[in-house]
Amino acid sequence: MYGLDEKRDHVLSFVEEISLDEAKKKPSEDRWSILEVLEHLFLMEQLIVHQIEQALKRGDQQQTSDKPIHQTTNRKYKVEAPESVQPKGQFKNLEDAKEGLKKTREATLFLIHNKDTETLKNRVFPHPAFGEMNLAQWIEFIGWHEIRHLDQMKEVKAQLNQ
């Protein structure tokens with residue numbers, strides 16, 4: 001659904017191929033480690049679920065045009081992560097990270113279970129780069145955001161192995 005499982009599987013496959021040392025090491029002081037990127041993904045999905053819940057509770061019907069969210073994977077365009085989704089060192093190992101990602105995905109799937117597409121397309125909240133996005137696009141965005149950061153984690157691993 002929304003490509004979430006397929007995209008998450010790519011992230012988890014990558015995680016299976018790295019050691020804890022690789023996951024914890026930062027390529028430079030101002031860059032995130034792989035473990036921090038995984039925490040960011042966890043925090044981001046948690047925030048999106050919360051925002052979707054709030055939009056559904058408010059019930060304000062509003063429509064907006066579809067945004068080119070597939071462009072999220074373009075790493076040439078940088079967006080500073082809001083403080084609330086910046087890693088704080090909550091995950092100590094890869095198992096913690098995988099468990100956290102599993103929990104947020106369960107929350108996402110539980111939230112959207114039995115929600116009709118029309119409801120999801122008629123509720124919106126703003127994205128920092130794309131502006132107003134409907135809930136269906138926000139759900140799909142989660143996967144694109146993970147692919148963006150999968151590319152980042154691959155870059156970090158490559159830099160560590162130079």
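The structure is a predicted model, in which local features need pLDDT of at least 70 and side-chain atom pairs count only at pLDDT 80 or more, while totals for chains, interfaces and linings use all residues. Residues are numbered from 1 along each chain as its sequence is written, and side-chain values use heavy atoms, with hydrogens and water left out.

The protein chain contains six helices and two strands. Here helices (H or I, at least four residues) and strands (E, at least two) are DSSP runs, numbered from the N terminus. In sequence order, the elements form the pattern α-α-α-α-α-β-β-α. The C-alpha trace spans about 50 × 30 × 25 Å along its principal axes. The radius of gyration of the protein chain is 16 Å, which agrees with the value near 15 Å that a compact globule of 162 residues would have. This radius is taken over C-alpha atoms, and the globule rule is 2.2 Å times the number of residues to the power 0.38.

Of the 162 residues, 45% count as buried. A residue is called buried under 20% relative accessible area, exposed over 50%, and partly exposed in between (1.4 Å probe, protein chains only). The protein chain exposes about 8,900 Å², of which carbon and sulfur atoms supply 48%. Accessible areas come from the Shrake-Rupley method with a 1.4 Å probe; for residues, only the protein chains shown count as cover. The protein chain carries 24 positive and 28 negative side chains, and the centres of these two sets lie 2 Å apart. Lys and Arg count as positive and Asp and Glu as negative, whereas His and the chain ends are not counted. The place of a charge is taken as NZ of Lys, CZ of Arg, CG of Asp or CD of Glu.

Contacts (heavy atoms within 4.5 Å) were also examined by sequence separation. Among those between residues at least 6 apart in sequence, 83% join residues at least 24 apart.

In soluble globular proteins, nonpolar side chains tend to be buried together. A nonpolar core is defined as a set of buried Ala, Val, Leu, Ile, Met, Phe, Trp, Tyr and Cys residues joined through side-chain atoms within 4.5 Å. The largest such core has 41 residues, of which Leu 38, Ile 52, Phe 141 and Met 153 touch the most other members. The elements that give two or more residues to this core are α1 (4-16), α3 (34-58), α4 (94-112) and α6 (135-160). The greatest contribution comes from α3, with twelve residues. Apart from its neighbours within four places in sequence, Leu 38 is in contact with Val 11, Val 15, Phe 91, Leu 94, Ala 97, Leu 101 and Met 153.

Leu 12 lies in helix α1 and, at 27% relative accessibility, counts as partly exposed. Leu 12 and Lys 98 are 86 residues apart in sequence, yet their C-alpha atoms are 7.7 Å apart in space.

Thr 73 and Asp 151 provide a further example of residues brought into contact. Thr 73 lies in the loop between α3 and α4 and is partly exposed, with a relative accessible area of 25%. Not counting residues up to four places away in sequence, Thr 73 touches Trp 144, Ile 147, Arg 148 and Asp 151. The C-alpha atoms of Thr 73 and Glu 146, 73 residues apart in sequence, are 8.6 Å apart in space. Asp 151 lies in helix α6 and is partly exposed, with a relative accessible area of 28%. With neighbours within four places in sequence left aside, Asp 151 is in contact with Thr 73 and Arg 75.

Asn 114 lies in the loop between α4 and α5 (117-121). Although Asn 114 is not a glycine, this residue has a positive phi of about 65 degrees. Asn 114 is exposed, with a relative accessible area of 69%. Glu 118, in helix α5, is also exposed, with a relative accessible area of 57%. The C-alpha atoms of Glu 118 and Gln 152 are separated by 34 Å, and the two residues are 34 residues apart along the chain.
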